[in-house]
Amino acid sequence: MNPKKLGRAVLVALPFLVVLILALVLAGTLSDRLPARLSTHFSATGEANGYTGRTTFLVLTALVPALLGACWTYMAVRGRFHGRAYDGFTAAGYATAAFFGYLTTVTLLANVDTAGGAPGATFTMWHLVGAFGSAAVAAALGHFLAKLLPALPDDPEAAAARGGARIPLADGEVAGWVRSMTSWWLPGTALATVLAGVVLTFALRPVTGLPLMVLGLVLLPYSRPNVTVDRRGLIVSGLLPWPRVHVPLERIDTATSRDVKAVAEYGGWGYRVRPTRSGVITRSGEAIVARLENGRDFAVTVDDSATGAALLNTLVDRRRGRS
């Protein structure tokens, strides 16, 4: 592994490792003083109104930071973080770890010595302020530590994109390009939501399942979105005209076609926003990646992305009077 990326991976994993170790130490130290069922849900007044088995709670307390840390580390190793993009990514990881660590620690401490007739655990809303405050402090620390590492060089693909492919158009000639974005999870999610609503309607009562049925029916028209490149710019839409994502030509500097990694680069699927990029990501694979005038990237995964990117470059050149 590249030594620079190894150092970045270690820095990203560090807060989650600290939270994991703290959870294990507290669980081992306080195990004899915790009740069989821990208070884990509290009302607005701070009184407990929900409980979780001690073993289940302790397993989740250790498992969540381990999984979050693994995800953040994977993205640090496999993601594309050129320039200072890594700083914000690291800060977000530190904030997430601190927020979760604060809440689980306070919950454990609140349950100490609450068995055998002792007063029950309480959790005041001020603890939420403390959790957000801890997250803010941790984010600042993560951002500071990340800036101590040298920035990776600018993305070579972005530099090469300026000389990317074009589609020749004669003066006055009009062209457009439309493709559907293929994925299995979009229609699957919409149908599953509708079915869940139907099951809840018959199993419980209509008022329970109706919201899910409506949500699923709203999602269905957007389960196979279309990508359009024309004189208006880059547009991602469903069968209905709204909502849609529109990136006009005047905001685009250049476009290229390349493979993107959904998890490593964008943290998942759907409409994604990252420190230096955003996009509509339905899968890993080829995508149109538009470098915007403000330096950010907007990506949309779609087949035949090379043609779409080439036409987008031609239209941007035409708008600016470049041949």
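Q: What is the relative accessible area of Arg-33?
A: This is a predicted model, in which local features need pLDDT of at least 70 and side-chain atom pairs count only at pLDDT 80 or more, while totals for chains, interfaces and linings use all residues. Residues are numbered from 1 along each chain as its sequence is written, and side-chain values use heavy atoms, with hydrogens and water left out. Arg-33 falls in the partly exposed class, which lies between buried (under 20% relative accessible area) and exposed (over 50%), with a 1.4 Å probe and protein chains only. The relative accessible area of Arg-33 is 41%.

Q: Which residue forms a salt bridge with Arg-33?
A: A salt bridge requires a side-chain nitrogen of Lys or Arg within 4 Å of a carboxyl oxygen of Asp or Glu, and here the closest N and O atoms are 2.5 Å apart. The pair links distant parts of the chain, since Arg-33 sits in the loop between helix H1 (3–30) and strand S1 (37–42), and its partner, 80 residues away, in the loop between helix H3 (85–110) and helix H4 (126–148). That partner is partly exposed at 40% relative accessibility, and it is Asp-113.

Q: How many residues apart in sequence are the parts that Arg-179 and Asp-304 tie together?
A: The two side chains meet in a salt bridge with an N to O distance of 3.2 Å, and both are partly exposed, Arg-179 at 35% and Asp-304 at 28%. Arg-179 belongs to strand S3 (residues 177–180) and Asp-304 to the loop between strand S11 (297–301) and helix H9, so the separation bridged in sequence is 125 residues.

Q: Is Asp-230 buried or exposed?
A: Asp-230 forms a salt bridge with Arg-232, their closest N and O atoms being 2.7 Å apart. Arg-232 is partly exposed at 36%, whereas Asp-230, with a relative accessible area of 13%, counts as buried.

Methods: Helices (H or I, at least four residues) and strands (E, at least two) are DSSP runs, numbered from the N terminus.
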